[in-house]
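Below are my notes, in the order I looked things up.

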Amino acid sequence: RHFVEATGYITDGERTGSGIWISTLEKEPSPSYYGSQRIEKRVKLPGFSWRNPAFSHGESHPVVGISWNDAQQFCIWLTDREAGAGRVPAGYLYRLPTEAQWEFAATTGGKPDPENADEFAWFRSNSGGSPHPVGTKRANAWGLHDMQGNAWEWVLDWYGRYPGGSVMDYEGPASANMPREIIRPHRSKRGG
């Protein structure tokens, strides 16, 4: 909110009216032995944005309904603001983490998820279907809140397969130029 108010920036969703995506669980007939099953479907709600996200939200809720480009513009603004105030060393900047960096932070270096996810994250079975104020669940072992669950978080790289073997500081594809048999090109998100 402060970024938008300070700069007059208009988010992609506000500019285009494209809306936000929400996930729903629906029963669908299945050809399997077990009959119908509940599957997740993503539904786009046109006209909604971070200002009007289709559910109750306040100042302490995560920002939803912004694009990857919106997040990038925020990072540029934050870097300029903090560097101008002398709070960022020369050559440093704010940016989204890579998918691998996000995963490392969320799993505190690769340790398995906690046994009691209810203590650490808001997710489908305990959230009522909408995001909750940040920092209301326990932090992970590194003191980070809301890494898993609550709201989807943009990461820097494009979606792509991880390479095999051991890799240090892996960064995913820098562009959408990846094999089309995987999935349509898109930016990666984590958490959710």
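**Surface first**

I started with the accessible surface, which comes to about 12500 Å², and 54% of that belongs to carbon and sulfur atoms. A reminder to myself: this is a predicted model.

**Overall layout**

I looked up the secondary structure next and found 6 helices and 4 strands. Reading from the N terminus, I get the order α-α-β-β-α-α-α-α-β-β. Of the 192 residues, 31% count as buried. I also checked the contacts between residues at least 6 apart in sequence, and 57% of them join residues at least 24 apart.

**The core**

Which residues make up the largest nonpolar core? I noted 6 of them: Phe3, Val4, Tyr9, Trp50, Trp77 and Leu78. Helix H1 (2-7) and helix H3 (68-84) each supply at least two residues of this core. I then picked out Trp77 and left aside residues up to four places away in sequence; Trp77 touches His2, Phe3, Ala6 and Thr7.

**His132**

My last stop was His132, which sits in the loop between helix H6 (124-127) and strand S3 (152-158). Is His132 buried or exposed? I put it down as buried, because its relative accessible area is 19% and the cut-off for buried is under 20%. Its side chain reaches the backbone oxygen of Ser127 at 2.8 Å. Not counting residues up to four places away in sequence, His132 touches His61, Pro62, Trp122, Asn126, Ser127 and Asn150.

Notes. Residues are numbered from 1 along each chain as its sequence is written. This is a predicted model: local features need pLDDT of at least 70, side-chain atom pairs count only at pLDDT 80 or more; totals for chains, interfaces and linings use all residues. Side-chain values use heavy atoms; hydrogens and water are left out. A nonpolar core is a set of buried Ala, Val, Leu, Ile, Met, Phe, Trp, Tyr and Cys residues joined through side-chain atoms within 4.5 Å. Buried means under 20% relative accessible area, exposed over 50%, partly exposed in between (1.4 Å probe, protein chains only). Contact means heavy atoms within 4.5 Å. A polar contact is a pair of N or O atoms within 3.5 Å; within protein, one must be able to donate a hydrogen and the other to accept it, and residues adjacent in sequence count only if both atoms are side-chain atoms. Accessible areas come from the Shrake-Rupley method with a 1.4 Å probe; for residues, only the protein chains shown count as cover.
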